[in-house]
Amino acid sequence: MTLRIFCIANQKGGVGKTTTTVNLAAGLAQLGQRVLVVDLDPQGNATMGSGIDKRKLELSVYDVLLESATIAEARQRADKSGYDVLGANRELAGAEVELVDLERRERRLKAALQAVRDEYDFVLIDCPPSLSMLTLNGLCAAHGVLVPMQCEYFALEGLSDLVNTIKQVHANLNPELLIIGLVRVMFDARITLQQQVSEQLKAHFGAKLFNTVIPRNVRLAEAPSYGLPGVVFDPASKGAQAFVEFAREVVQRHG
Ligand SMILES: Nc1ncnc2c1ncn2[C@@H]1O[C@H](COP(=O)(O)OP(=O)(O)OP(=O)(O)O)[C@@H](O)[C@H]1O
Ligand SMILES: [Mg+2]
């Protein structure tokens with residue numbers, strides 16, 4: 001099987017990028033896929049949410065971007081969840097500035113991933129809520145972008161910056177890059193507006209919209225404080241089951 005590298009991106013904050021990253025990773029791992037999560041956000045939420053203490057990282061994605069460590073040296077195992085993590089913490093915020101004057105600054109992650117390409121089926125890159133140099137490194141390294149969406153007013157308008165950035169990266173830096181798909185998250189079927197926006201997304205994106213819908217589910221929100229993806233924390237919960245189903249759909253479509 002060939003390696004698939006996906007960015008989980010949306011420049012809007014708090015839409016569910018990190019929750020999607022760690023739960024999709026855990027779901028894929030349950031299906032026997034070999035997964036690496038790359039935390040590209042200085043908040044380090046994907047790191048913490050995978051049970052790895054961001055304050056105790058000896059090496060992180062920061063060292064990889066600055067080429068002072070390889071991924072093989074810096075990654076850690078999320079034991080209970082069955083995937084590897086290239087962690088991040090606040091130090092990563094400095095990379096933004098430090099990379100500016102360096103050569104191939106937006107291709108650092110892509111280059112580093114080459115060395116581990118045979119070890120994984122999926123690499124999932126959790127992007128920060130911005131279109132920064134960090135996100136650019138993710139987009140340059142990826143085959144495609146997975147976009148978590150909340151079905152709220154202006155959902156479509158909010159996507160236009162991301163879609164434009166993806167087009168530019170596609171044209172100038174990474175001709176492989178495409179939108180893999182949009183996934184509806186934190187969905188509440190009781191809210192008429194959400195149903196309406198969901199229908200709009202279907203009409204607008206067609207087959208690019210994943211069939212699986214992730215419901216709003218409190219167990220998914222509780223799981224990070226235990227250092228676990230919801231899929232591992234409470235496998236019987238509606239949220240966990242939806243993410244495992246989503247992982248299955250991702251493998252069917254892109255495995
Ligand atoms: N399906 C869900 N049901 C309930 N709560 C959720 C769900 N998905 C995410 N959340 C909660 O919503 C909040 C934002 O989610 P998350 O951190 O995944 O978003 P994000 O896009 O990564 O945020 P940021 O832009 O800050 O990186 C978190 O508290 C998370 O636990
Ligand atoms: Mg996040």
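Close-up 1. For background, a disulfide is a covalent bond between the sulfur atoms of two cysteines. Here, a disulfide is called when a pair of cysteine sulfur atoms lies within 2.5 Å. Searching the whole structure on that basis turns up 0 disulfides, and C7 is in none, with C127 providing its nearest cysteine sulfur. Before moving on, note that this is a predicted model, where local features need pLDDT of at least 70 and side-chain atom pairs count only at pLDDT 80 or more, while totals for chains, interfaces and linings use all residues. Residues are numbered from 1 along each chain as its sequence is written, chains are lettered from A and ligands numbered from 1 in the order in which they are written, and side-chain values use heavy atoms, leaving out hydrogens and water.

Close-up 2. Leaving aside residues up to four places away in sequence, C7 touches I125, C127, G138, L139, A142, G144, V145 and L146, where contact means heavy atoms within 4.5 Å. C7 and V123 are 116 residues apart in sequence, yet their C-alpha atoms are 8.4 Å apart in space.

**Close-up 3. Helix α7 and its crossing with helix α5.** Helix α7 (residues 133-141) is largely enclosed by the rest of the structure, because 8 of its 9 residues are buried. Those buried residues are M133, L134, T135, N137, G138, L139, C140 and A141. The axes of α7 and α5 (residues 92-99) come within 9 Å and cross at roughly 85°. That makes α5 roughly perpendicular to α7. L92, A95, E96 and L99 of α5 make the contact with M133, L134 and N137 of α7, and by class that gives 5 nonpolar, 1 polar and 1 charged residues. Axes are lines fitted to C-alpha atoms, for helices over the stretch in contact, with angles running from 0 to 180 degrees between N-to-C directions. Angles under 35 degrees count as roughly parallel, over 145 as roughly antiparallel, 65 to 115 as roughly perpendicular and the rest as oblique. As for the classes, Ala, Val, Leu, Ile, Met, Phe, Trp, Tyr, Cys and Pro are nonpolar, Asp, Glu, Lys and Arg are charged, and the others, Gly among them, are polar.

**Close-up 4. R108 in helix α6.** Helix α6 spans residues 108-114. R108 is buried, with a relative accessible area of 6%. Setting aside residues up to four places away in sequence, R108 touches L65, L66, E67, L99, L102, E103 and N137.

**Close-up 5. Helix α12 meeting helix α1.** The axes of α1 (residues 17-30) and α12 come within 8 Å and cross at roughly 70°, so the two helices are roughly perpendicular to each other. On the α1 side, the contact is made by T19, T20, N23, L24, G27, L28 and Q30; on the α12 side, by F243, V244, F246, A247, V250 and V251. These residues divide into 8 nonpolar, 5 polar and no charged.

**Close-up 6. The aromatic pair of F210 and F246.** The structure holds 4 aromatic pairs. In this one, the ring centres of F210 and F246 are 5.0 Å apart and the planes stand at 90°, so the pair is edge-to-face. The pair links distant parts of the chain, 36 residues apart: F210 is in strand β8 (residues 209-215) and F246 in helix α12 (residues 238-254). Both residues, F210 and F246, are buried. Rings of Phe, Tyr and Trp (its six-membered ring) pair if their centres lie within 6.5 Å; planes under 30 degrees apart count as stacked, over 60 as edge-to-face and the rest as tilted.

Technical notes. Helices (H or I, at least four residues) and strands (E, at least two) are DSSP runs, numbered from the N terminus. Buried means under 20% relative accessible area, exposed over 50%, partly exposed in between (1.4 Å probe, protein chains only).
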